[in-house]
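Colleague: I'd like to go through this model with you and learn how to read its helix packing and its loops. Could you take me through it step by step?

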Amino acid sequence: MLPAQKDDGKAKQTTVPYQEVSLFLGNTEVVIRIYRKAGTEGVLFIHPHGDESGALEAGLRFVEEHGGTLVTISRVGSQEHKKRKISFEICGKAIEVDPNRIFSEQGIRSQLAPYGDDVADSAFSEVKKFSESLILEISRFALPSTVIALHNDRLGYSQVLGSSGEARISPGEPNTDFFFVTRREDFERLASLGYNAFLQSGSPKDDGSASVLFQKLGVRYINVECGFSKKEKNYQMVLAALGM
Ligand SMILES: [Zn+2]
C-alpha cells in the first residue's frame with residue numbers, strides 16, 4: 001500500500017540567506033526567521049502558521065528565484081514551530097494564541113476570552129508586547145508596498161465569506177484554493193485569471209488578523225490560500241498574486 005500523500009512538516013532546504021530574531025511571549029522564546037534576497041523590492045511574504053509547510057515552500061521558492069523578504073516563525077520554546085498556534089504559560093496555565101489573530105487589541109482579547117478573566121487580564125499585556133515587537137520586526141526593513149500572506153487551507157473559503165465585501169467563485173476550482181485581497185484591482189485581476197477571489201469588506205470586523213491591520217495601514221494585501229500538498233499550484237498562485 002502506498003503511504004498517503006502528506007506534508008512532512010518541513011520546508012525544502014533553501015539557499016536564501018536569513019537572520020533570526022528572538023522575541024518573547026511571556027517567558028517563552030519565539031524565534032522569527034527573516035529570509036531576504038535582493039530582486040523583488042517592496043514585497044513582504046508573511047507565513048504565520050507553522051503547520052502550513054507547503055505555503056512556506058512556495059514563498060521560499062519565489063524568494064530564491066525572484067528575491068523578496070519572507071518572515072516566518074521558526075521556533076517556539078525548544079520546539080521547531082510546526083503548529084498553527086503558539087503556546088506559552090502564564091499563572092501556571094497553558095495558553096494558546098493564533099499568531100494571525102493578535103494584530104489588534106480586540107483580536108487579542110477574543111483569543112484570550114476562553115481562559116477566563118484572571119488569566120486573560122495577565123496574558124493580555126504579554127500578548128500585546130509580543131504583537132508589537134512582531135509588527136516592528138515585520139516592518140523593520142521599511143513598510144512594504146505589498147504583503148503576501150502564505151497559507152494552506154483545509155476548511156475552504158466559506159470561512160472568509162463573513163468578512164468579504166464581494167466574492168467571485170470559479171466553477172471547477174477547489175474551495176481550498178482562493179485569494180483574499182484588500183484591493184479591487186487585485187480582486188478583478190485574479191478572478192479574471194479563473195481563480196476563486198474574495199475582496200475584503202471596506203469595514204471588516206476587527207478579528208486581529210493581518211488583513212485588517214494592513215488594510216488600515218493602506219498597504220496592498222493578498223492572502224494566498226491553497227490546499228495542502230499542491231506544490232506546483234501553490235507556487236503558480238504566488239506568481240499570479242504578483243502578476244507574474
Ligand atoms: Zn494559515
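Colleague: How do α1 and α6 lie relative to each other?

Modeller: α1 and α6 are oblique to each other, because their axes cross at roughly 55 degrees. Angles under 35 degrees count as roughly parallel, over 145 as roughly antiparallel, 65 to 115 as roughly perpendicular, and the rest as oblique. The axes come within 9 Å; axes are lines fitted to C-alpha atoms, for helices over the stretch in contact, and angles run from 0 to 180 degrees between N-to-C directions. Keep in mind that this is a predicted model, where local features need pLDDT of at least 70 and side-chain atom pairs count only at pLDDT 80 or more, while totals for chains, interfaces and linings use all residues. Residues are numbered from 1 along each chain as its sequence is written. Helices (H or I, at least four residues) and strands (E, at least two) are DSSP runs, numbered from the N terminus.

Colleague: What is the handedness of the crossing of α1 and α6, and which residues make the contact?

Modeller: A crossing is left-handed if the near helix is turned anticlockwise from the far one by less than a right angle, and right-handed if clockwise. α1 passes α6 in a right-handed crossing. Gly54, Ala55, Glu57, Ala58, Gly59, Arg61 and Phe62 of α1 meet Lys231, Asn234, Tyr235 and Val238 of α6, where contact is a C-beta to C-beta distance within 7 Å, the atoms being placed from the backbone. By type, the contact of α1 with α6 has 5 nonpolar, 3 polar and 3 charged residues. Ala, Val, Leu, Ile, Met, Phe, Trp, Tyr, Cys and Pro count as nonpolar, Asp, Glu, Lys and Arg as charged, and the others, Gly among them, as polar.

Colleague: Which residues of α6 are buried?

Modeller: A residue is buried if 20 or more other C-beta atoms lie within 10 Å of its own, exposed if 12 or fewer, and partly exposed in between, with C-beta atoms placed from the backbone. In α6 (231-241), the buried ones are Asn234, Met237, Val238 and Ala241. They sit on the same side of α6, because they cover an arc of only 100 degrees around the axis, taken from the directions from the helix axis to the C-beta atoms. These buried residues pack against α1 (53-66), β8, β10 (178-181) and β12. Just after α6, Gly243 has a positive phi of about 70 degrees.

Colleague: At what angle do α2 and α3 pack?

Modeller: Helix α2 (residues 105-112) packs against α3 at about 135 degrees, with the axes 10 Å apart. That makes α2 oblique to α3, and their crossing is right-handed. Glu105, Ile108, Arg109 and Leu112 in α2 meet Ala120, Ala123, Phe124, Val127, Lys128 and Ser131 in α3. The contact of α2 with α3 divides into 6 nonpolar, 1 polar and 3 charged residues.

Colleague: Now the loops. Which phi does Cys91 have, and is Cys91 buried or exposed?

Modeller: Cys91 has a positive phi of about 50 degrees, although it is not a glycine. Cys91 lies in the loop between β6 (86-90) and β7 (93-97), and counts as exposed because 12 other C-beta atoms lie within 10 Å. Ser229, in the loop between β12 (220-227) and α6, also isn't a glycine and has a positive phi of about 55 degrees. Ser229 is partly exposed, with 15 C-beta neighbours inside 10 Å.

Colleague: What is Gly156 in contact with, beyond its sequence neighbours?

Modeller: Leaving aside neighbours within four places in sequence, Gly156 contacts Asn175 and Thr176. Gly156 lies in the loop between β8 and β9 (164-168).

Terms used. Two residues are in contact if their C-beta atoms, placed from the backbone, lie within 7 Å.
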